[in-house]
Structure formats: structure tokens, C-alpha cells
Amino acid sequence: MPCTTILVGSKASYNGATIIARNDDSGAGNFMPKKWVVVNPEEQPKTYVSVLSHVRIPLPENPLRYTAMPNAVAGEGIWAAGGINEANVGMTASETITTNERVLAADPLVEYQPADKENGIKEVRGGIGEEDLVSITLPYIKTAREGVIRLGMLHEKYGTYESNAIAFSDVNEIWWFESIGGHHWIAKRVPDDSVVIMPNQLGIDYFDLTDALGEGENYLCSKDLGEFLLDNHLALEIENEEDEVGGAFNPRLAFGSHDDSDHVYNTPRAWFMARYLNPNSYIWDGPEADFTPESDDIPWDLIPERKITSEDVKYLLSSHYQGTPYDPYAGYGDHRENGKYRSIGINRTDFMGMMEIRPDAPAETAGIEWIAYGSNAFNTMVPFFANVQDTPAYFKNTNGTVSTESFYWTSRLIAVLADSGFPKALFFIEDYQMKVQAKGRQIIKRVENEILSANGLGRDTKASGKKLTAKAIQEKLAAANEEIAAMVKKEAEKTLKKVLDESSNKMRNQYARSDV
């Protein structure tokens, strides 16, 4: 899918949490309704069967409970997209990435081939893809590293029919996984002090093969990657002098694409995000710029100039090149430049999912899942506790019918109306975002403090009553999520009316005179 990902290491975030976030975007001209659900262990199948590739995968026993964001309309499979499991491991899958002809020649993608009975050709099952990744991985891992290892095993065994990148997080670390061809893969631990920015390109720009094939402290890969590189002349920057496995190389050069279309569709997104994170570290604009929107060497990870908040991540994933000549809504500058590059907060975003795993919270409340539906430029993100057995109806009862009883459809309606009256509607959107995000945080904080106080773990170390059981805590978290959803519904309906009135007053059949 044409998505954008941001990863924030624990020492780069405002509260010491690991944060992984992704816009899930549909292809051009398409929109896929999404719903937020919990998959309990008894709902997880024993054998997974892919709708698109027909691959069949036996699954381990004793799956963990997890949240997911599947398609709300049947037909193309689950597409669970991302979530947090009961071990407080987050996953987002996937960022569609690009590769080159040399890689695909050496290790072709494993594509589904339907049966042709007339010519006696049997069906050939395909590999795994974005449709499948969360469902076959997240319920079976207890750390981010375990996620990489399990997904790597699945890639090697079943192959993949597309190039994807996947993030895993736990309270301690984040790992980034990139598939290489049909069966190969690499993964890199995100430095704790760094932020990773990922448009739809193969991103990792430095890889230590010696560590990956040895200790695996910060790098992991398919076991034959060294031979694969050398046999197919893929590594263009191996740092050792002898022709042997080992050393470091640039995967972006070895495995990635370098198309002219990247300079319109992908690299400008990386430029805008890096420019926001490090405005003073480099020159971003003008003839003396270190990096331009069309630079191929914008770093994969950066140490930001300040701590990064959840709201910063949402702002970046909502961006349409504000403050630059490339903003499609700009009323200034050379209008030939407006809308030149593909926005991050594009019209066809289905949802944004942000997984925040906090070290200063008890395990029962550590996982916060932030959710936004529709085009990020006009929506708001909503925080929820992930350690629950069900989700609010306003967020899970999406289907193919447009309804203001669904947060997905309400968000879509707000976006299209606000877009048509952008200059004034922007004030309504900013007010909406501020209120929802502030009130959501207030409810999260209040309920968490109640749980801490009841169990004698808060600032007031005297327990206020009978210690809460794990079940009682889950019930309080579910009640908090319902309270947040009710608040969001109220604010969304008020915002919808405001943008509806504003757009109605801009209709072409309006007339100044009236009889009132």
C-alpha cells in the first residue's frame, strides 16, 4: 500500500516511550473502510489461509490477544494492518517498498498462479503479503526482536509476492524489517536516540553484515544474505577489500529503486519530515541546500534536535508541505509548484495507527494505541488503552454503508467538506484536533492514576481500597475507552456541522439577497 511510516526511539520521544506510526493509504482513486477490533485467542484460526495468494500456514498454539485494524468490507482478506498484543508488542504492516531488477532476477517474487483446467495447469500458491502479515505474526511474539525472527522465518519458508517493510516495537526497542526479493530480508534495530522516516522506498542506508550474521545485536538478516549479495553482484559499497562475506554496505543502493518517479512520489516526503525534525542541522531550501525534495540520500534515521511527541508524529503524517511552495492549498508563491509532490496526508488515507509503549506505566496500561481515520490533514487522532477485550462500537462497527454512527465515515465526511472550504474550515479542524487530543489525554491520565492509586503504585503510595485484579483493570480500561469514544463522537458531530455549514455557504447557487 502507498503508506508513510515514522519510528521514534525511546530516547528521542518526549516520554521515553517507543513510538511506531503509519499512514495506511489506498491506491489511487480507491478508499478502504477500516475498523478497530480486538482479536481474542479463541478467534484466531489454527490454519491461516490467504484470500489473495491462497497460501496456507499452520499457526502455533496459544496465540496472544491483539488489537487490529482490518478491512471493514469483505473480499480481499483481513489486512489487519497493525496493533498491540497483550505482551505490549506493537506491529505495523506494512510499508510497501521498492526494489530493483537485479534483486528480482536473483530472487523472484512468489506470485499466485491460478489453475487452468483446460490446459492441465494446477494452481500454484503464492507467498505472504500485506494482507497476511499481522495475523500470522503479532499473536505469537513477546518482543520486537521475536517479531523479526518469526517474520523472517515465514519469508524464507513461504516467500512473498510483494516488497514490504514492517515495524515491531516493545517497551525497550524498535526493529525495522525489509523484505528483499522473494525470500530474503534484512532488519535493523532503530537507534534509541533516533527517528526513522519512511516513504514508499527501501529505506535502510547502512547495514552491518558481520553483526547480522554473527551476534545480531543491532542487525539481523536471512542466513544466506552474504552469498546472495556476492553471487549476484548486488553490494555496491562493501567496505572490506577482499571478496568475502562480511563488512558493511548500503542496502538502499544494493536493493532499492532509483526511478525518476521516486523524486515526485517518495523522496519529497522524506525531505519534509527530515526538515521538520532537524531544521537547523542541514540546509533544506535554496540553491545551497544539503538535501532537496528530490535527493536520493536523505538519511533513513536522524537524531532530532528536540524530543518528539505523539502530536509531532501526527503533524508529520498529516502534512501537505505546509510552509513550502509545494502545498496544494497554498495561496502564495509560484502556483505551478503547488501540489507538485505527493502529500504525506493524502486524500486516500484509510487510517493512521500509532503504537506508543510507555516505560513509566504499569504493564497493564503501558500500551496506548492512537487512531485516526480518513485524510490526516482533516482528522483527529484518538488515544485508547490497548489492553482490552473489545473496542467501542463507534470505532469497530464500520461497514460499506456511509453513516455518521461510524467514526470512519464521519471522518471522511469532515475531510471532503473541509477541503472544499479550506481557509476557514482549517480553524474548525484545528479546534477539533486540540479538543479531542487534550480530552483524550485527560481521560487516559485520570483512569491510569485511579488504577495506580487503588494498587498503591501512584504518587500517593497508600492504596485507596481493595487492590484491583487484572480483570478489574481491564474493565476500567474498557470503560475509559468507551468514555473517550463518546467524547469523540460528540466533538466529531459538532465539527461536521461546522464544515457542512461553511461548505453550504460556498455553493454555486447561493444568492446574497434573502427575504429574512
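**Helix α9.** I started with α9, residues 310-317, and found it mostly covered: six of its eight residues are buried. I am working from a predicted model. The buried positions in α9 are S310, D312, V313, K314, L316 and L317. I then looked up what they pack against. On the strand side I noted β1 (4-8), β2 (18-25), β17 (349-357) and β18 (367-373). The helices they meet are α8 (267-277) and α12 (422-454). At the start of α9, I found a side-chain oxygen of T309 within 3.3 Å of the backbone nitrogen of E311.

**Nonpolar cores.** V313 came up again in the largest nonpolar core, which has 73 residues. V313 is among those with the most contacts inside that core, along with Y373, F395, F407 and V488. I picked F395 and listed its contacts, leaving aside neighbours within four places in sequence. They are K35, W36, I371, Y373, V382, F384, F407, A485 and V488. Apart from this core I found another, of 32 residues, with I186, Y219, C221 and L225 among them.

**K188.** Next I turned to strand β11, residues 184-189, where K188 sits. Which side chain of opposite charge is nearest to K188? It is D301, 4.8 Å away. A salt bridge needs a nitrogen-to-carboxyl-oxygen distance within 4 Å. K188 is buried and has no salt bridge. I did find a polar atom of the K188 side chain 3.2 Å from the backbone oxygen of Y206. Not counting residues up to four places away in sequence, K188 touches I174, W175, W176, I204, Y206, N218, Y219 and W300.

Key:
Residues are numbered from 1 along each chain as its sequence is written. This is a predicted model: local features need pLDDT of at least 70, side-chain atom pairs count only at pLDDT 80 or more; totals for chains, interfaces and linings use all residues. Side-chain values use heavy atoms; hydrogens and water are left out. A nonpolar core is a set of buried Ala, Val, Leu, Ile, Met, Phe, Trp, Tyr and Cys residues joined through side-chain atoms within 4.5 Å. Buried means under 20% relative accessible area, exposed over 50%, partly exposed in between (1.4 Å probe, protein chains only). Contact means heavy atoms within 4.5 Å. Helices (H or I, at least four residues) and strands (E, at least two) are DSSP runs, numbered from the N terminus. Lys and Arg count as positive and Asp and Glu as negative; His and the chain ends are not counted. A polar contact is a pair of N or O atoms within 3.5 Å; within protein, one must be able to donate a hydrogen and the other to accept it, and residues adjacent in sequence count only if both atoms are side-chain atoms.
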